Amino acid sequence: MKVYFDNAATTPLYPEVVEKITEVLNNTYGNPSSTHALGRGAKSLIEYSRKQIAKELNALPSEIIFTSGGTEADNFILHSCVRDLGVQVVISSLIEHHAVLHTLEVLAKKYPIQIVYVNLTERGDIDLQHLKNLLEQYTEKKVLVSLMHLNNEIGNILPLKEVATLCKEKGAYFHSDTVQSVGHYPINLQEIPVDFITASAHKFHGPKGVGFAFIRKGIV
């Protein structure tokens, strides 16, 4: 008998997911950019999926961008914030996933930005008072806060709405790696003013190689 205890790393595919993927691979193989019937069918299926995800998160379909997974989504958002939004300071933590930490290392070498790490409590939670102090320290610069929602190794949960509200009050962008929480934890993006989140299907019984980034409309 096989017993699996590593769902935090990746989950097995649900049988209905395997069935749907097989059906789509066999029948909806057209190029979604093509104007013929098979292409239109593929395009329609993609847009239907986008709407379903947006509905689950209480977001707009146009705010959902498909990626190859959480790592690409985190990279895409962090690079875009620095390159396109002119972020000068990134506030993060030393317990982020390598998809964030390694990307920040690359960005610090490529751009004249400052990376600052918020303190942690003895339990591994984000020190919210220190975060507030940092945000007040850099009020004259464009700031991005990047903190994961649910830690993949120690399980700590960030008070997402509280941090998002704080960032909004201080004029900072807020990105949260929600790869561990999307599909398991309710997230209402109309109630939580986070600017960017990321997800990966293999964390909630979907296929590897599929994910998405949420980018709030009007962020620019």
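Mentor: H2 gives the most to the lining of the largest pocket, 9 residues. This is a predicted model, so read every value as computed from it. H2 covers 37-57, and helix H1 (15-27) also supplies at least two lining residues. Three strands do likewise: E1 (64-67), E6 (196-200) and E7 (211-215).

The pocket that these elements line has a volume of about 1300 Å³. Its lining counts 36 residues, and those closest to the centre are Ser-49, Ile-53, Ala-201, Pro-207 and Val-210. By class, the lining holds 22 nonpolar, 11 polar and 3 charged residues.

Now the helix pairs. Two packed helices are described by the angle between their axes and the distance between the axes.

Take H3 and H4. Helix H3 spans residues 70-83 and helix H4 spans residues 98-110. They pack at an angle of about 35 degrees, with axes 9 Å apart. The crossing of H3 and H4 is right-handed. On the H3 side, the contact uses Thr-71, Asp-74, Asn-75, Leu-78, His-79 and Val-82. On the H4 side, Ala-99, Val-100, Thr-103, Leu-104 and Leu-107 meet them. That contact divides into 6 nonpolar, 4 polar and 1 charged residues.

Next, H5 and H6. Helix H5 runs over residues 128-137, helix H6 over residues 160-169. Their packing angle is about 15 degrees, and their axes lie 10 Å apart. Angles under 35 degrees count as roughly parallel, and H5 and H6 are therefore roughly parallel to each other. The crossing of H5 and H6 is right-handed. H5 brings Leu-128, Leu-131, Lys-132 and Leu-135 to the contact, where they meet Glu-162, Val-163, Leu-166 and Cys-167 of H6. By class, the contact of H5 with H6 has 6 nonpolar residues, 2 charged and no polar ones.

Key. Residues are numbered from 1 along each chain as its sequence is written. This is a predicted model: local features need pLDDT of at least 70, side-chain atom pairs count only at pLDDT 80 or more; totals for chains, interfaces and linings use all residues. Side-chain values use heavy atoms; hydrogens and water are left out. Axes are lines fitted to C-alpha atoms, for helices over the stretch in contact, and angles run from 0 to 180 degrees between N-to-C directions. Helices (H or I, at least four residues) and strands (E, at least two) are DSSP runs, numbered from the N terminus. Angles under 35 degrees count as roughly parallel, over 145 as roughly antiparallel, 65 to 115 as roughly perpendicular and the rest as oblique. A crossing is left-handed if the near helix is turned anticlockwise from the far one by less than a right angle, and right-handed if clockwise. Contact means heavy atoms within 4.5 Å. Ala, Val, Leu, Ile, Met, Phe, Trp, Tyr, Cys and Pro count as nonpolar, Asp, Glu, Lys and Arg as charged, and the others, Gly among them, as polar. On a 1 Å grid over the protein atoms alone, a cavity is a set of points where a 1.4 Å probe fits but cannot get out, and a pocket is an open set with protein on both sides within 12 Å along at least five of seven lines; lining residues have an atom within 4 Å of a point. Grid points are joined across faces, edges and corners, and a volume is the space filled by probe spheres set on the points.
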